[in-house]
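Please read each point beside the model.

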Amino acid sequence: MILGLTVAVVALVALFVWWERRAANPLLPPRLFADPTLRVVLPATALLGALLGGSVVYLPTYLQAAYGMGATQAGLALNPYVLTFMAVSSLAGARVGASGRFKPYLLAGSAVAVLGFALLSLLTLDTPYAVLAVEIAVLGAGFGLLMQNLVVVAQNAASPADLAATTSAVVSVRGLGLSLGVAVFGILLARWVQGRAPGPGVTAAAIPDVLFWGVPATVVLVALMALLPGRGAGQS
């Protein structure tokens, strides 16, 4: 079933690209990919969305399975992740706006995200929540350096006529990436627990191994950030 759905996705994407190339008013204008910055930002945003979706959906599951938290308590326990994300995003956005040098922040954000996923992959059933809180705060800081700055970089790379289309494209591919990340992480989790006796302990042991796959994915994100041209938002 998974292989069949994968083939269907590839076929539908190919059909979408074909249709967009011939449409008078395409949802995702192919000309956007002629810009070297957007050629990097759009796939990087999709990958970022996948990593965000995979982590924010399955971390509460880990909190419930490993610590016996209820759904509300597990959601509140993600506050170190969310609050760090918000604080770093605000501060980094202000700094990029003032200096116009976006690339160091994006490289730093992707590198910090690598560290965050690496730390989370080492979780055990004996890991205190205080340690987990620090680790998810690290991941939140990495995503905070990336999320909104990628939108700003894309907007500054677009011509005035394509500004709306570019903004919509970034938000859309991020949403698609988020859905894909939840699905892929879910497949990995299902494969890990397959054949094992169901229970919270099995789920809690599986999720760190699933989150490990965020490490190579964020390494790809580092590589994409390195490919970005050096022009910053304030220089555009």
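1. V17 is found in helix α1, residues 2–22; helices are DSSP runs of H or I with at least four residues, numbered from the N terminus. This residue is partly exposed, with a relative accessible area of 42% (buried means under 20%, exposed over 50%, partly exposed in between, with a 1.4 Å probe and protein chains only).

2. The model is predicted: local features need pLDDT of at least 70 and side-chain atom pairs pLDDT 80 or more, while totals for chains, interfaces and linings use all residues. Residues are numbered from 1 along each chain as its sequence is written, and side-chain values use heavy atoms, without hydrogens and water.

3. The count of salt bridges comes to one, a salt bridge being a side-chain nitrogen of Lys or Arg within 4 Å of a carboxyl oxygen of Asp or Glu. The partners are R31 and D162, at 2.7 Å from N to O. R31 lies in the loop between α1 and α2 and D162 in the loop between α6 and α7, so the pair ties together parts that are 131 residues apart in sequence. R31 is exposed, at 51% relative accessible area, whereas D162 is buried, at 10%.

4. Which residues line the second largest pocket? They are I2, L5, T6, V9, S179, L180, A183, V184 and I187. A pocket is an open set of points on a 1 Å grid over the protein atoms alone, where a 1.4 Å probe fits, with protein on both sides within 12 Å along at least five of seven lines; lining residues have an atom within 4 Å of a point. The largest share of this lining, five residues, comes from α7.

Note on methods
Helices (H or I, at least four residues) and strands (E, at least two) are DSSP runs, numbered from the N terminus.
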